[in-house]
Structure formats: structure tokens, C-alpha cells
Amino acid sequence: KTLNPQWREQFDFHLYEERGGIIDITVWDKDAGKKDDFIGRCQVDLSTLSKEQTHKLEMPLEEGEGCLVLLVTLTASAAVTISDLPVNSLEDQKEREEILKRYSPMMMFHNIKDVGFLQVKVIRAEALMAADVTGKDLFSKSDPFCVVELNNDRLLTHTVYKNLNPEWNKVFTFNIKDIHSVLEVTVYDEDRDRSADFLGKVAIPLLSV
């Protein structure tokens with residue numbers, strides 16, 4: 001219920017082409033019970049942006065009205081990623097070659113804070129607690145999403161609505177800077193009118209993996 005939304009979300013992508021690439025962004029109006037309405041789109045040409053600098057972009061929405069405000073940074077620093085399970089990054093030959101090169105014995109002292117990486121596959125949850133009770137028949141449900149955290153990196157799955165056995169099928173890749181870190185996986189129930197409800201949590205010390 002706003003025409004001036006603030007999301008404050010961060011997304012990290014791996015780039016392997018020096019010339020950059022095109023980020024295609026679409027904006028939608030979510031409609032409960034029917035098809036979402038298209039609001040507009042914009043494209044960011046990364047080849048026009050200088051590296052190691054944060055660019056504030058105000059992109060007019062094509063095929064619609066208004067603009068999208070973005071902060072875009074191209075950096076050689078390692079970043080966390082999220083992808084769909086069917087396109088597991090470790091199965092990509094170029095990704096595997098980059099990882100083998102990055103953690104080869106010759107690179108051992110190149111960056112002592114980069115000790116490895118962790119890949120987490122969040123497949124599904126089962127028999128979650130029902131956080132919402134709606135309707136005359138008191139139908140119980142939850143709208144669960146999963147948050148995966150490692151140190152200061154925090155990534156989220158999408159929300160699966162009205163489901164106590166959601167499937168997310170997402171792959172999260174984190175850089176490990178401290179082998180004593182703890183991976184935290186938390187499930188919440190999305191609530192549009194107030195803060196999300198806690199459904200459960202698991203903590204996994206990296207030393208136990």
C-alpha cells in the first residue's frame with residue numbers, strides 16, 4: 001500500500017566476464033489471489049560503471065512510471081551468493097576452476113582471512129508450527145521463509161505461502177573468514193501487518209561440519 005517503497009535488500013552476484021554484463025530488474029504489484037501486475041523494468045549496464053566504487057543510480061522504469069534507486073558496487077572482493085538448487089554453482093565448470101585456483105597451495109598466503117567457503121543447500125522444512133489462524137473453520141497455516149546467517153552475511157529464501165511443509169530449493173554460498181564461526185538457520189512466518197513470527201532455529205558450528 002505504497003507508491004514509494006523502501007526495500008533495503010542486498011543481492012550479491014559472481015561475475016566472470018571482465019566486460020561486465022546487464023542486470024535486468026522488474027517491479028511488480030503483488031495481488032493476493034490473482035496474477036501480479038507488472039509495474040515497470042530497467043536495465044543496468046555494468047560495463048559503464050567503474051570498479052571498486054559504489055554508484056548510486058536512479059533508473060527510470062521503462063514501460064511504467066517512477067524510478068528505482070540502487071547502490072551498485074563492482075569489486076574483486078569475494079561475496080556471498082544465492083541461487084536455485086537446479087543450477088548449483090559447484091556444478092558449473094568455470095566456478096569449480098575459479099575455486100580450485102583460489103584455494104591452491106600457491107595462494108595460501110594471498111589472503112589469510114579467506115580460509116575457504118561454505119555451501120548450504122536449503123531444500124525444505126517439514127511439520128512447521130502453524131503461526132496463523134484464519135477463517136471461520138480456524139484453518140491453521142504459516143507463510144514460512146528461511147534466513148541463513150554466517151557472521152555478518154545474511155541471506156533469505158523466498159516465502160512459501162500457506163504451507164507447513166515448504167520447499168525452497170536454494171543454494172547459499174558463503175566465504176569463511178573464521179573456522180570457529182557458527183552457521184545459523186532460522187525459519188520465520190511472514191506477516192505483512194507486523195514483524196515476522198519465529199518458527200524455529202538451528203545453529204551449526206563450522207568445526208562440526
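Mentor: A salt bridge is a side-chain nitrogen of Lys or Arg within 4 Å of a carboxyl oxygen of Asp or Glu. This is a predicted model, in which local features need pLDDT of at least 70 and side-chain atom pairs count only at pLDDT 80 or more, while totals for chains, interfaces and linings use all residues. Residues are numbered from 1 along each chain as its sequence is written, and side-chain values use heavy atoms, with hydrogens and water left out.

The structure holds six salt bridges. In one of them Arg41 pairs with Asp24, and the closest N and O atoms are 4.0 Å apart. Arg41 belongs to strand E2 (residues 37-45) and Asp24 to strand E1 (residues 22-29), so this pair ties together parts that are 17 residues apart in sequence. Strands (E, at least two residues) and helices (H or I, at least four) are DSSP runs numbered from the N terminus. For accessibility, buried means under 20% relative accessible area, exposed means over 50%, and partly exposed is in between (1.4 Å probe, protein chains only). Arg41 has a relative accessible area of 26% and is therefore partly exposed; Asp24, at 44%, also counts as partly exposed.

Arg41 has another partner, for its side chain meets that of Glu63 in a salt bridge of 3.1 Å, N to O. Glu63 counts as exposed because its relative accessibility is 59%. Its backbone also deserves attention: phi of Glu63 is near 60°, a positive value in a residue other than glycine. Most residues other than glycine have a negative phi.

Lys201 and Glu184 form a further salt bridge, with their closest N and O atoms 3.3 Å apart. This pair links strand E13, which holds Lys201, with strand E12, which holds Glu184, across 17 residues of sequence. Glu184 is partly exposed, with a relative accessible area of 26%. As for shared partners, salt bridges join Asp24, Arg41 and Glu63 into one network.

These pairs may now be set in the chain as a whole. Of its 209 residues, 31% are buried. Where contact means heavy atoms within 4.5 Å, 52% of the contacts between residues at least 6 apart in sequence join residues at least 24 apart.

A nonpolar core is a set of buried Ala, Val, Leu, Ile, Met, Phe, Trp, Tyr and Cys residues joined through side-chain atoms within 4.5 Å. The largest such core has 19 residues, and Val148, Phe174 and Leu183 have the most contacts inside it. At least two residues of this core come from each of strand E6 (116-124), strand E9 (144-150), strand E11 (167-176) and strand E12 (182-189). E11 supplies the largest share, four residues. A second, separate core of 13 residues includes Cys42, Leu46, Leu49 and Leu61.

A polar atom of the Asp143 side chain lies 2.7 Å from the backbone nitrogen of Lys162. Leaving aside residues up to four places away in sequence, Asp143 touches Asp132, Thr159, Val160, Tyr161, Lys162, Tyr188, Asp189 and Glu190. Lys162 itself is found in the loop between strand E10 (153-156) and E11. Lys162 counts as exposed at 59% relative accessibility, and its phi, near 55°, is a positive value in a residue other than glycine.

Notes. A polar contact is a pair of N or O atoms within 3.5 Å; within protein, one must be able to donate a hydrogen and the other to accept it, and residues adjacent in sequence count only if both atoms are side-chain atoms.
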